[in-house]
Amino acid sequence: SPRSLPGSIMHHLWLMLLPFLGLVSVAPAEKGLEFPRYDGKDRVLDINDRNYRKAMNKYSMLCLLYHEPIPDSKELQKKHQMTEMVLELVAQVLEEKDIGFGMVDAKKDAKVAKKLGLDEVDSVYVFKEDRVIEFDGLLSANTMTEFLLDLLEDPVEVLDNALELKAFNRMDEEIRLVGFFKNQESEHFEAFKEAAEQFQPYIKFFATFEKTVAKQLTLKMNEVDFYEPFMEEPVTIPEKPHSEEELVAFITKHRRPTLRKLRAEDMFETWEDDIEGIHIVAFAEEEDPDGFEFLEILKEVARDNTHLPDLSIVWIDPDDFSLLIPYWEKTFKVDLFRPQIGVVNVTDADSVWMAMDDEEDLPTAQELEDWIEDVLSGKVNTEDDDEEDDDDDDDDDDDDDDDDDEDDDDDDDDDDDDDDDSDEDEDDDDDDDDDDDDE
Ligand SMILES: *[C@@H]1O[C@H](CO)[C@@H](O)[C@H](O)[C@H]1NC(C)=O
C-alpha cells in the first residue's frame with residue numbers, strides 16, 4: 001500500500017505513486033479492455049560503456065533512467081525493481097514504436113553518464129536525434145507512456161479549419177504558441193518548427209496556413225502569438241519574422257506563467273521553479289462546485305495581476321494526484337475537500353494558509369488579491385507563526401517533519417556498500433577520450 005512506502009520529501013514523491021503499476025485487471029470475459037500486464041520479458045537494457053552507442057544508433061528514441069547505485073538492502077532493492085518495472089511495462093506497451101529503454105547506474109556507469117550528460121539522479125533522459133529531453137515528472141507507466149507518445153508526434157500541429165481552432169481555444173491550461181505562415185516550405189515556419197522541437201512536449205506549438213483561420217486569430221503573415229495559461233488575450237511576439245533563436249529567447253523569458261496547473265509530466269520541474277524558496281499553492285478540485293468557483297476567482301485575480309513578475313501560483317487539482325492527498329493533508333494540515341490557498345516553503349514544507357473566514361464563503365477576488373499582496377510583500381509568510389503560533393498547531397505536528405529526513409538517511413547509508421565496480425571504472429579512464437571526440 002502507498003502508506004508503507006518510504007520517502008515523503010518532494011523529489012522522492014514519485015516513488016509513492018508507483019503502485020499505479022499494479023493495475024491488475026480481473027480476467028474479463030469480453031475483449032477490448034485488456035490492461036497490459038508485464039509479461040516478464042526483459043526489454044530494458046543495462047546500459048554500459050560497451051553497449052550505449054549501439055543502443056543510440058538502433059532506435060529512433062532512447063529513454064534512459066539514471067538511477068542511484070543498486071543498494072545491498074533487500075527492501076531498497078525491491079524499491080529499485082519497482083522503478084525498473086515501470087520502464088519494463090512502458091517498453092512493453094510501446095514495443096512497436098522503435099523506442100529503446102535502458103538503465104544507467106550512477107556509480108557503475110558513471111563514465112557513460114558523464115559522456116551522455118546525465119546529471120540528475122532518478123531522472124529519465126530521452127535521446128531523440130540530436131536532442132536530449134529530460135523527463136522531470138511522475139515516474140508512472142501512464143505518465144511516461146503519454147510523454148513518449150507526445151514526443152513521437154510532429155512538434156507543430158497545423159490548424160486547418162474552424163473546428164480545429166475551437167479545440168485550440170479550449171486548451172487554456174497550456175502554454176501555447178500559434179503562428180501564421182505562407183506554407184510548409186516557408187523559412188519562417190521552418191524556424192518556428194525548430195523552436196518547437198526544443199520545447200516539445202511541454203509547450204504546444206500550432207501553425208496555420210489558412211487566411212480564414214489566421215483572421216480569426218488576428219494573426220498577420222509570419223506573426224506568432226504567445227498564450228499564457230488562463231489569460232484571455234495572447235501576447236504577440238514583437239518584430240516579426242522571427243528566427244529560431246528569437247523565439248526560444250522569448251519563450252524562455254516568458255515561460256513562467258502567473259497561474260499554472262501542476263501536471264504529472266513535469267511536476268518536479270515546476271516544483272523546482274520556486275520563487276525565492278516559496279510557492280503560492282492553490283488546491284481546488286475543478287469538478288467540485290466550490291473548487292470551480294474558487295478557481296474562477298483565482299483566474300480573475302491572475303489575469304488582473306499578470307504584470308507582476310514575481311507572481312506565479314501553482315494550482316493543484318487534488319483529483320490528479322490522489323495518492324498524494326493524505327500526505328499533503330498531513331504535511332500542510334489542511335482539508336483538501338475544500339479549496340485552499342497558501343504559501344509553502346520548499347525547503348522544509350512549512351506552510352501558512354489563507355483563513356477563509358466563513359466556512360461557507362469563498363474569498364472575493366478583492367480579498368484574494370489583498371492576501372496575495374501580503375504574501376508578495378512578506379507580511380504573510382511561513383516563518384512568523386513559528387514563534388507566535390496562535391493556530392491550533394500542537395507540538396506533535398512538528399515531529400512529523402523529521403521523519404522525512406530519517407528516510408533519506410537510510411537511503412544514503414545503504415549506498416555506501418555498493419562499490420564493487422568502482423575500481424574498474426577508474427582503470428579504463430584513458431580510452432575514454434577518443435570516444436568523446438566522435439560525438
Ligand atoms: C524556508 O525555510 C528555511 C528552513 O526552515 C528557512 O531558512 C528559510 O528562511 C525559509 N524561507 C522563507 C522564504 O521563508
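Phe230 sits in the loop between β9 (224–227) and β10, with helices (H or I, at least four residues) and strands (E, at least two) taken as DSSP runs and numbered from the N terminus. Phe230 has a positive phi of about 70° although it is not a glycine. This is a predicted model, where local features need pLDDT of at least 70, side-chain atom pairs count only at pLDDT 80 or more, and totals for chains, interfaces and linings use all residues. Residues are numbered from 1 along each chain as its sequence is written, and side-chain values use heavy atoms, with hydrogens and water left out.

- Most residues other than glycine have a negative phi, and most peptide bonds are trans.
- Phe230 is buried, at a relative accessible area of 1%; buried means under 20% relative accessible area, exposed over 50%, and partly exposed in between (1.4 Å probe, protein chains only).
- Lys333 also has a positive phi, near 55°, and is a residue other than glycine.
- You'll find Lys333 in the loop between α11 and β14 (340–345), and at 37% relative accessibility Lys333 counts as partly exposed.
- Gln200 and Pro201 are joined by a cis peptide bond, with omega about 0°; Pro201 is in the loop between α6 (187–199) and β8 (204–208).
- Another cis peptide bond links Lys240 and Pro241, with omega about -10°, and Pro241 is in the loop between β10 (235–236) and α8 (244–254).

**The chain overall**

- The secondary structure comes to 15 helices and 15 strands.
- Of the 439 residues in the chain, 46% are buried.
- Among contacts (heavy atoms within 4.5 Å) with a separation of 6 or more, residues 24 or more positions apart account for 75%.
- The chain exposes about 23,600 Å², and carbon and sulfur atoms supply 45% of that; accessible areas come from the Shrake-Rupley method with a 1.4 Å probe, and for residues only the protein chains shown count as cover.

**Salt bridges**

- The count comes to 20 salt bridges, each being a side-chain nitrogen of Lys or Arg within 4 Å of a carboxyl oxygen of Asp or Glu.
- Glu95 pairs with Arg43, with the closest N and O atoms 2.9 Å apart.
- Glu95 lies in the loop between α2 (74–93) and β3 (99–105) and Arg43 in the segment before β1 (45–46), so this pair ties together parts 52 residues apart in sequence.
- Lys111 bridges to Asp49, with the closest N and O atoms 3.3 Å apart.
- That pair links distant parts of the chain, 62 residues apart, with Lys111 in helix α3 (residues 110–116) and Asp49 in the loop between β1 and α1 (52–58).
- Lys111 counts as buried at 13% relative accessibility, whereas Asp49 is partly exposed at 27%.
- Lys261 and Asp320 meet through their side chains in a salt bridge of 3.6 Å, N to O.
- Lys261 lies in strand β11 (residues 259–261) and Asp320 in the loop between β13 (313–316) and α11 (325–332), so the pair ties together parts 59 residues apart in sequence.
- Lys261 is buried at 15% relative accessibility, and Asp320 is partly exposed at 41%.

**The negative patch**

- Glu293, Asp357, Glu360, Asp361, Glu367, Asp370 and Glu373 form a negative surface patch.
- Patches are made of residues with over 30% relative accessible area and no salt bridge, with like charges joined within 9 Å and nonpolar side chains (Val, Leu, Ile, Met, Phe, Trp, Tyr) within 5 Å.
- Lys and Arg count as positive and Asp and Glu as negative, with His and the chain ends not counted; a charge is placed at NZ of Lys, CZ of Arg, CG of Asp or CD of Glu.
- Helix α12 (residues 365–377) gives the most to the negative patch, with three residues.
- Glu360 is in the loop between β15 (351–353) and α12, and is exposed at a relative accessible area of 64%.

- Asp288 is in the loop between β12 (278–283) and α10 (289–304) and is partly exposed, at 22% relative accessible area.
- Asp288 and Phe337 are 49 residues apart in sequence and 8.9 Å apart in space, C-alpha to C-alpha.
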